[in-house]
Amino acid sequence: MCGIVGLFLKKDALHPHLGDMLTDMLITMTDRGPDSAGIAIYGEAGDGLKITLQSDTPEVDFAGLKEDLSETLCVPLTLKRVDTHAVLTVPIQAKDAAVAALEDRGLRVMGAGTSMEIYKEVGLPKDVAARFGIREMGGSHGIGHTRMATESAVTTLGAHPFSTADDQCLVHNGSLSNHNQMRRTLARKGVFTKTENDTEVGAAYIASRIEDGTPLGEALEGTLDDLDGFFTFVTGTRNGFGVVRDPIACKPAVMAETDDYVAFASEYRAFADLPGIETARVWEPEPATVYFWER
Amino acid sequence: MNVLDASEISLRDINTTLQNAANTRRNEAYEIVNPRGSHAIAVGLDGPISVTIKGSTGYYCAGMNKDASVTVEGSAGPGVAENMMSGVVTIEGDASQYAGATGHGGLLNIKGNASSRCGISMKGIDIVVHGNIGHMSAFMAQKGNLVVLGDAGDALGDSLYEAQLFVRGSVKSLGADCVEKEVRPEHLELLADLLKQAGADASPQEFRRYGSARELYNFNIDHAGEY
């Protein structure tokens, strides 16, 4: 199964409540997948680039990391530690050097962007959200995922969201059946994945299309031709989110819109606590159709 | 009016209460408040009882319904009125995928739109959809009537048996072995009755009828690609 939620706030006044609202939505979806949970949250864009990194041994790896990186990169930087994750902020032009320095140290880069931070771990949504203090996080929009693992092991790297490009990420409900073939195709282009996971291949496919200069909307349309299997994809972007479902569309999806927000979820249940849901416009996105809600 | 609050009473207790009330055959009225999209509300009712759900429901609402009248004052999630036997299930809003799947009898009245696979494998149920229906509706439908006041999506009636499909609007595409058929007086009479039962404001003359060409009933090697 898997459960997906997304929330896009139209009014600035609601921004401080984003993490709280998104956490409630994701917890409601817990019984669609209890294996791992993750959230991509889009906060205020600062001057620098935020790189979310993860370590299984944060006590060891994060100790002295900031000083160490300052010395290696020779740029002004900040490091905010959150449980097993940390957000490193560096000048945008220092991204490649920073990512290389982090990977040299065996740290996992979950994603990067001017506003996006990604938090994901094995466990129930309520526990994962509490570990990272998601409820306290504000922002303009975010997407979340709770996983019932099918195609690969229950690990942090197998958790969603997967980053597809700076400030872009992907969550998936479904399973892809041609992911091994696509993984080989992408490898021939020099695009490598880190796990056996099918969704990571979907994310890598979209990332590679974007790298080739394809706009995100067209890259999502490309999934309809090039990926075989079941999927409802939600992609987070700097300005909002996009949705695409495979032509068979057996993986559920429902949307709600009011003057205050646009919400996405696998099931209506996730909307039950949203303000004004009784009078919201509620509908199902059409199959094989790419939608975007952006500011 | 008996009111059951789904935010205070467990789903199992709500369904047990409704099923017991249905079994008494006293045609009592119940109201379920705060459904909050929960799954499997008002399933397995076997007797005359009237249930009104004040809000939207999740998966499998009113499944296996027999004799009961269930109204959802909101939208319904996937599989509403699945395998319904008789009675009436009314959805004031939209219904998600496979509404009325495998239904044997009774009336499923959807005031909004229905999603994909509406009436899949229906076996005698009547379904009236006041809005549109999604792709692959009435797939392998065996018996009963599907009436759509709006438009139908792709592959309507694919691999259809003897169910009759009536669509007032456009049909995006017909599925394998589904063809348009002439509307005869008995069909107008049937439509008039179903539209009246559903409280639908439409004239029987505005509908086109689709049914099985019966070409797939016996295996023919030339049709291998159609299966």
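In what order do the strands of the open sheet of chain B follow one another, and with what kind of pairing? In this predicted model, the sheet has 11 strands in the order β1-β2-β3-β4-β5-β6-β7-β8-β9-β11-β10, and the pairing is mixed. At its edges stand β1 (2-5) and β10 (178-181) of chain B, each of which pairs on one side only. From one strand to the next the twist averages 15 degrees.

One of the pairings in this sheet joins strand β9 (residues 164-167) of chain B to strand β11 (residues 208-212) of chain B, and these two run antiparallel with 3 bridges between them. Within that pairing, L165(B) is placed opposite Y210(B) in β11(B). Helix α1 (residues 11-24) of chain B packs on the sheet, where it touches β1, β2 (29-33) and β3 (50-54) of chain B, and its direction makes about 170 degrees with that of β2(B). Helix α2 (residues 185-198) of chain B lies across another set of strands, namely β6 (107-110), β7 (123-129), β8 (143-148), β9 and β11 of chain B, and runs at about 70 degrees to β8(B).

Two residues of chain B deserve a look for their backbone angles. N27(B), in the loop between α1 and β2 of chain B, has a phi near 55 degrees, which is a positive value in a residue other than glycine. Because 14 other C-beta atoms lie within 10 Å of it, N27(B) is partly exposed. R214(B), which is found in the segment after β11 of chain B, also is not a glycine and has a positive phi of about 60 degrees. With 12 other C-beta atoms within 10 Å, R214(B) is exposed.

Turning to chain A, the reader can begin with helix α1 (residues 18-28), which is mostly covered, since 9 of its 11 residues are buried. The buried residues of α1(A) are L18(A), G19(A), M21(A), L22(A), T23(A), M25(A), L26(A), I27(A) and T28(A). What do these buried residues of α1(A) pack against? Their partners are the strands β1 (3-9), β2, β8 (141-147) and β14 of chain A, together with helix α5 (125-132) of chain A. As for the two helices, the axes of α1(A) and α5(A) are 8 Å apart and the packing angle is about 155 degrees, which makes α1(A) roughly antiparallel to α5(A). T23(A), L26(A) and I27(A) of α1(A) form this contact with P125(A), K126(A) and A129(A) of α5(A). By class, the contact of α1(A) with α5(A) has 4 nonpolar, 1 polar and 1 charged residues.

Of the 7 residues of strand β7 (residues 116-122) of chain A, 5 are buried, so the strand is largely enclosed by the rest of the structure. Strand β2 (residues 36-42) of chain A pairs with β7(A) in the antiparallel sense over 7 bridges, and Y42(A) stands opposite M116(A) in β7(A).

A further pair of helices in chain A is formed by α7 (residues 198-211) and α8 (residues 216-226), whose axes come within 9 Å and cross at roughly 130 degrees. The two helices α7(A) and α8(A) are therefore oblique to each other, and their crossing is right-handed. On the side of α7(A) the contact takes in G202(A), Y205(A), I206(A), R209(A) and I210(A), while on the side of α8(A) it takes in L216(A), A219(A), L220(A), G222(A), T223(A) and D226(A). These residues divide into 6 nonpolar, 3 polar and 2 charged.

Elsewhere in chain A, the peptide bond from H160(A) to P161(A) is cis, with omega near 0 degrees. P161(A) lies in the loop between β8 and β9 (162-165) of chain A.

Finally, the two chains meet, in a contact that takes 10 residues from chain A and 13 residues from chain B. The side of chain A that touches chain B has 7 nonpolar, no polar and 3 charged residues. R269(A), in the loop between β14 (261-265) and β15 (281-283) of chain A, counts as buried because it has 25 C-beta neighbours inside 10 Å. Leaving aside neighbours within four places in sequence, R269(A) is in contact with T28(A), and also with R36(B), G37(B), S38(B) and G58(B). The C-alpha atoms of R269(A) and M29(A) are separated by 7.8 Å, although these residues are 240 residues apart along the chain.

Notes: Residues are numbered from 1 along each chain as its sequence is written. Chains are lettered from A and ligands numbered from 1 in the order in which they are written. This is a predicted model: local features need pLDDT of at least 70, side-chain atom pairs count only at pLDDT 80 or more; totals for chains, interfaces and linings use all residues. A residue is buried if 20 or more other C-beta atoms lie within 10 Å of its own, exposed if 12 or fewer, and partly exposed in between; C-beta atoms are placed from the backbone. Helices (H or I, at least four residues) and strands (E, at least two) are DSSP runs, numbered from the N terminus. Two strands pair if DSSP finds at least two bridges between them. Axes are lines fitted to C-alpha atoms, for helices over the stretch in contact, and angles run from 0 to 180 degrees between N-to-C directions. Angles under 35 degrees count as roughly parallel, over 145 as roughly antiparallel, 65 to 115 as roughly perpendicular and the rest as oblique. A crossing is left-handed if the near helix is turned anticlockwise from the far one by less than a right angle, and right-handed if clockwise. Two residues are in contact if their C-beta atoms, placed from the backbone, lie within 7 Å. Ala, Val, Leu, Ile, Met, Phe, Trp, Tyr, Cys and Pro count as nonpolar, Asp, Glu, Lys and Arg as charged, and the others, Gly among them, as polar.
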